[in-house]
Each structure stands twice: as C-alpha cells, then as structure tokens.
Amino acid sequence: MKNLMYFYNCPTLTLSKGEGTKAKTILFLFFILFIQSLTAQNPQDSLYTYAQALTKMKKETQALVTIIKHVKAYPKDAKGYFLKGSLEFKTNNALQAETDFTQAISLKQNYFEAYFNRAAVRIGLQKYGEGKNDLSYILYQNPNIYLVWLERGKLYQQLGLPDSALYDFSQALVLKPELEEAQSTSAKIYYDQKNYAKAKKCAFNAFKLNKYNENSLFILSEINFLENKYEEALPYFEERLRLNPYDWNGFLTRAKIYFYQKKYTKAKEDLEKNIEKQSNLPESYFYLANVYYETKDLKNACQFLKKSIELKFDDAKKLEKKYCN
C-alpha cells in the first residue's frame, strides 16, 4: 500500500565523522533562519511549511503535531489536510488518513493526489470497491496518468479480474512503454491463462528493462521448456536459480532439460540438491531413477523408482518391472 502514496522525500547528506557536529549546527541554524523568513513572508503558510520541512527531515511525529495546529488555524486549507493525511498514514493511523484525504477533496475540486492517496488507504483497509471508485474517478477526469492505470490494474488482479487488469496495464503501457511492472504482471496473467505467446512477449519486454526481474525469468524459462527450446531456456534458468536458490521446482525442471539432453551428471546434481532440501517431491526421485537407469546403475534406479512409487507418482509404477526386475 505504501508504494501507492504520494510522500515527501529529500536527499540524505553523508558527513565524515569530524565534520558531523559542525555541519549539523550550521544546518540547524540555516533551517531556523529559513523558517523565520517564510513566516515573515506568509504567516498563513508558516506552520504548513514548517510541517513540510519536518516531513522531509523524516520527523513525522513533530510534523504531524505542527500540521494539526495548521489545519485548526486554517480549516479551509486543502493542502494542509492532504499533508496531514499523508502523515497520519505514515504513523499508522489509516482511518484518520482517509478522513483527512476526504476533507481535502471536499475543499478542492479534482484533487487527484488526494483521491489517489485515499484509494491507497481504502485498498489497505480492504475497502476495495471504494478504492476502485477513487481511481476510476481520476481516470474519468484525466485518462493520461499512467500510475493510476497501473494501480487500478493491480487492484483488478487482486480482485480476480484478470481481463480488466490486462486492459488497465495496456493503457498504462501506452502512456509509458518502459513500465516494467505492467509488462511483468501482464506476463504473469497471460501465463496463468496459458496464453504463452503473449506471456512470453510481455515477459521478454520486462526482461529487457530489468534482467533481474524474477517473474520474467520464471516465465521465460518455463515457456521455453514447454516449447522444447532447451538451449534458450537454460540461461533463464541459470539466472532464475542464482537469484532464488530455494526454487526447488526450478531445479527439477532444469534437471529434466539436462536429462533430455543426456547431460546426466548435471541432471543428477540438480535432482540430488532438490531431494536434499525438498524430500517429498516424487518427480525428483522418478527422474533420478531414470538417470541411474541410463547410466546402467540398476540398483539405484530401482531404489529411487520405489521411493517415487511410495510417494504415489503414477508414471513410476509403469516402470517398476523394467527397473526392478
């Protein structure tokens, strides 16, 4: 939910040990003079500006106290309620944040940032319909904000509406083709729908944007495997398993590739690693039995085949007479 919110950020300054105290003192004095000058120039916005500065300094509690004083003094200031809502959210008071964003919206027509943040809060509170309505209102008023299409698409996916999600992601990509998350998530939906051509296209687009995108690596490795394109699949498996060394299904699938390529030593390594960590996968024992059979070790072939049968892998039973005779 936090990724959806508009927050105020500022760069951090790294100081050497010897410079720290002096620099902090100078910075503090500059900050006080800066606030005083703002106060003199615009008394109405002085507390707001101070709260905004505290927020940028990541002093959310002090900022919240300050902005509360501001909205009490100026109850018609929409931006004050917007900042207060953002701070309430950051200090884990989501219900009050929703109220503050609602107040900001009531004071300022088409306050899209407030609608967007209220949607985030409502989605976090599982008020999915109301959150969707906020996002839809923004898009009705201005369909050119890619981030809103993206977030509504993610919500549709969460609600089990994949076709609606795909439409929203496609609209986001029209506005920003280099949007990795929309490409990657679309690939996942197409993969689940067994539309492998579109899944592969979207996954490859995401991969071009980020070669460490785990979802894309999974889809590209699995689809190439299903298409018997083993040489194309292996580099994706290599990176996929490097990023996630606990992906036991990935090790099993790569072992199958090695087995089909008659690279029995490599297949055996992946299968043994899989069995060591995930001892209840009957298919691992089945393929290890096949490896031993192909390398003429019938004793081990029979042993691992029986383990696969014990774990109720149907294909293993068909080979019992052949391997254990």
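Predicted model: local features only at pLDDT ≥ 70, side-chain atom pairs only at ≥ 80, totals over all residues.
Local features were taken only at pLDDT of at least 70 and side-chain atom pairs only at pLDDT 80 or more, whereas totals for chains, interfaces and linings use all residues. Residues are numbered from 1 along each chain as its sequence is written, and side-chain values use heavy atoms, with hydrogens and water left out.

Helix H8 (residues 146-158) and helix H9 (residues 162-175) have axes that come within 8 Å and cross at roughly 160 degrees; helices here are DSSP runs of H or I with at least four residues, numbered from the N terminus, and axes are lines fitted to C-alpha atoms over the stretch in contact, with angles running from 0 to 180 degrees between N-to-C directions. H8 and H9 are therefore roughly antiparallel to each other, a term applied to angles over 145 degrees. The crossing of H8 past H9 is left-handed, meaning that the near helix is turned anticlockwise from the far one by less than a right angle. Contact, defined as heavy atoms within 4.5 Å, involves Tyr146, Trp149, Leu150, Arg152, Gly153, Lys154, Tyr156 and Gln157 on the H8 side, and Ser164, Ala165, Tyr167, Asp168, Phe169, Gln171, Ala172 and Leu175 on the H9 side. By class, this contact of H8 with H9 comprises nine nonpolar, four polar and three charged residues.

For helix H14 (residues 248-260) and helix H16 (residues 282-294), the axes come within 11 Å and cross at roughly 20 degrees. H14 and H16 are therefore roughly parallel to each other, the term for angles under 35 degrees, and their crossing is left-handed. Leu252, Lys256, Phe259 and Tyr260 of H14 make the contact with Glu283, Ser284, Tyr287, Asn290, Val291 and Glu294 of H16, giving five nonpolar, two polar and three charged residues by class.

When residues up to four places away in sequence are not counted, Arg240 touches Leu217, Phe218, Ser221, Glu222, Asp247, Asn249 and Gly250.

The C-alpha atoms of Thr49 and Ala63 are 9.8 Å apart in space, with the two residues 14 residues apart in sequence.

Methods:
Helix = DSSP H or I, 4+ residues; strand = E, 2+ residues; numbered from the N terminus. Parallel < 35°, antiparallel > 145°, perpendicular 65-115°, else oblique. Nonpolar A, V, L, I, M, F, W, Y, C, P; charged D, E, K, R; others polar.
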